[in-house]
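Please open the structure in your viewer and keep the selection tool at hand.

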Amino acid sequence: STLSYFGTQNRIVTKEDYVIRALSLPSKFGSVAKAFVASDEQMRPDETSVSNPLAVNLYVLAYDRNKNLIITPNIIKQNLKQYLNQFRLLTDQVSFYDGYVVNFGVVFDIVGVPYENKENLKLKCIEKIKNYFKQDKMQFKQVLYTNDVENILMDIEGVRAVNYVTFTQNFD
């Protein structure tokens, strides 16, 4: 009925609703840069897991002054909890967790067209890759495909072929 619809208009019902609300936290309470919602998995004493359909795990990250991703300060998480309480369903149980940043590198080998300035071409390729992976565009659990990077490199004027693209991680 119309009355029941009216009552749910501002309510958080789906996982996406939690993400949207978390990212739209009023700035006077702080700011959430990235948010991700996962269903709850609870471990039983016999090592089997059971999912609680009413429990929500909300993972968040914030930006520092230099727009680097950081663990969300506790005061912002407390503010977010209060803010979400006015929209969540009474039966929902929300747990807050720190997200984590996975740093990675891209190693690539290209062939330029003859007479192309190789140093300038390399710089153009690096700039295109950096732009593609800007953290504003990245999301929690986003899958990375080497094919996407190969296509970006092939679209650069002066690139004749892409021999390979590899993602790396340095754990030093």
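The tour below visits helices, cores and a loop residue in turn. Keep in mind throughout that this is a predicted model.

**Stop 1: helix α3**

Select residues 74-85, which form helix α3. This helix has 12 residues, and from its first C-alpha to its last it reaches 16 Å, close to the 16 Å expected at 1.5 Å a residue. Now colour I76, K77, L80, Y83 and L84, the buried residues of α3. Look down the helix axis: these buried residues fall within an arc of 120°, so they line one face of α3. Which exposed residues sit on the face turned away from the buried side of α3? Select N74, I75 and Q82 to see them.

**Stop 2: the largest nonpolar core**

Next, go to the largest nonpolar core, which has 16 residues. Start with Y18, V32, L58, L80 and L84, the members that touch the most other members. To see where the core comes from, show α2 (15-23), β1 (34-43), β2 (49-63) and α3, each of which supplies at least two of its residues. The largest share, four residues, is from α3. As background, nonpolar side chains tend to be buried together in soluble globular proteins.

Centre the view on V32 and display its contacts. Leaving aside residues up to four places away in sequence, V32 touches A22, L23, L25, V60, L61, I76 and L80.

**Stop 3: a second core and helix α5**

There is also a second, separate core of 11 residues; select F108, L121, L153 and I156, which are among them. Then highlight helix α5, residues 146-154, and pick out its buried residues V149, I152 and L153. Seen down the axis of α5, they fall within an arc of 95°, so they line one face of the helix. What do the buried residues of α5 pack against? Show β5 (105-112), α4 (118-132) and β6 (159-168) to find their partners.

**Stop 4: T72**

Finally, select T72, in the loop between β3 (69-71) and α3. Is T72 buried or exposed? T72 counts as buried because its relative accessibility is 2%, and the cut-off for buried is under 20%.

Not counting residues up to four places away in sequence, T72 touches V60, L61, A62, K77 and D98. One of these, K77, takes you back to the buried residues of α3.

Conventions:
Residues numbered from 1 in each chain as written. Predicted model: local features only at pLDDT ≥ 70, side-chain atom pairs only at ≥ 80, totals over all residues. Heavy atoms only, no water. Expected span 1.5 Å × (residues − 1). Buried < 20%, exposed > 50% of the residue type's maximum accessible area, 1.4 Å probe, protein only. Arc of directions from axis to C-beta. Core = buried A, V, L, I, M, F, W, Y, C linked by side-chain atoms within 4.5 Å. Contact = heavy atoms within 4.5 Å.
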